[in-house]
Amino acid sequence: MGKQLIAGNWKMFMRRDTAIELASGIAGTAWKQDSADVAVFPPFVYLMDVIRAVAGSPVTVGAQDMYCEDEGAFTGEVSPAMLRDIGCTWVIIGHSERRALFGEKDETVNEKINAALGAGLSPILCLGETLKQREGNEMEQVVTTQLKGGLKGLGQDQLRGFTIAYEPVWAIGTGKTATPEQADDAHAILRGVLESEFMVKNEHGVRILYGGSVKPENAEIILAQPNVDGALVGGASLKADSFSDIISAARKPGEVS
Ligand code: PGA
């Protein structure tokens with residue numbers, strides 16, 4: 001596997017001045033840490049400012065969601081073509097907050113993944129089980145269903161270099177992190193499904209990120225797990241210092257844990 005990806009999901013935080021300041025701070029340190037790929041996901045309204053702030057640096061930018069049509073009478077929505085147009089590389093799809101608060105189902109997630117790929121964006125498919133599901137021993141079934149549903153109909157070629165984020169809902173914003181073993185186990189399950197259902201193997205370079213209370217204190221041990229290919233970071237991505245510390249904790253390409 002090549003470089004790990006460290007992605008910062010800013011959620012609905014920041015103002016214009018703080019967004020530019022944070023982006024510039026991250027761009028500054030990303031220069032020195034080219035051992036990991038780095039991406040940031042500001043709110044829609046600050047995308048353009050952040051894209052300008054990181055221009056010329058290795059930092060790439062993406063949106064936290066999008067609609068699945070290129071254009072039309074869809075009041076309030078933003079299309080994949082628009083995101084490409086302003087210079088976005090990535091888009092997060094199916095984050096657990098979208099699923100829980102805005103009713104997104106696997107079918108919608110699948111439509112959005114298709115639309116993102118069609119527009120030349122790199123989607124990050126988010127999935128993960130709730131606490132109740134984990135305690136009911138349903139983790140494997142839940143993440144398998146979400147993965148199969150989200151990627152339905154996609155072939156090996158479309159999945160080359162694809163990105164998935166395993167984010168157990170009980171670990172998001174709670175301060176509770178999955179143990180490195182729990183993260184690695186879930187990632188191994190996802191790899192198994194990718195192979196059995198989509199004929200996707202290691203050579204296809206699919207990265208599986210872990211997300212859920214990743215912080216400078218726990219990043220190194222999580223990122224050292226063999227099946228973990230990066231991190232999707234919420235809270236700790238809102239400060240340049242802590243996000244930079246997580247970037248430096250990334251496993252270097254070729255480094256075996
Ligand atoms: P957190 O969020 O790091 O604040 O737990 C992660 C995410 O929701 O992507």
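Which backbone N or O atom lies 2.8 Å from an oxygen atom of the ligand? I looked this up in the predicted model and found that the atom belongs to G234.

**Basis.** I note that this is a predicted model in which local features need pLDDT of at least 70 and side-chain atom pairs count only at pLDDT 80 or more, while totals for chains, interfaces and linings use all residues. Residues are numbered from 1 along each chain as its sequence is written, and side-chain values use heavy atoms, with hydrogens and water left out.

**Ligand.** I then turned to G235, where a backbone N or O atom lies 2.9 Å from a ligand oxygen, and to E167, whose side chain places an N or O atom 2.7 Å from an oxygen atom of the ligand. Of the 280 Å² of accessible area that the ligand has on its own, the protein covers 95% (Shrake-Rupley method, 1.4 Å probe). I found 13 residues around the ligand, the closest being K11, H95, E167, G173 and S213 (a residue counts if one of its heavy atoms lies within 4 Å). This shell divides into four nonpolar, seven polar and two charged residues, with Gly counted among the polar ones and Asp, Glu, Lys and Arg as charged.

**N110.** I next looked up N110, which lies in helix α5, residues 106-118 (a DSSP run of H or I, at least four residues). N110 counts as buried because its relative accessibility is 14%, the cut-off being under 20% with a 1.4 Å probe and protein chains only. The N110 side chain reaches the backbone oxygen of G150 at 2.8 Å. Leaving aside residues up to four places away in sequence, N110 touches G149, G150, L151 and K152 (heavy atoms within 4.5 Å).

How values were computed. Polar contact = N/O pair within 3.5 Å; in protein donor to acceptor, adjacent residues only side chain to side chain. Helix = DSSP H or I, 4+ residues; strand = E, 2+ residues; numbered from the N terminus. Buried < 20%, exposed > 50% of the residue type's maximum accessible area, 1.4 Å probe, protein only.
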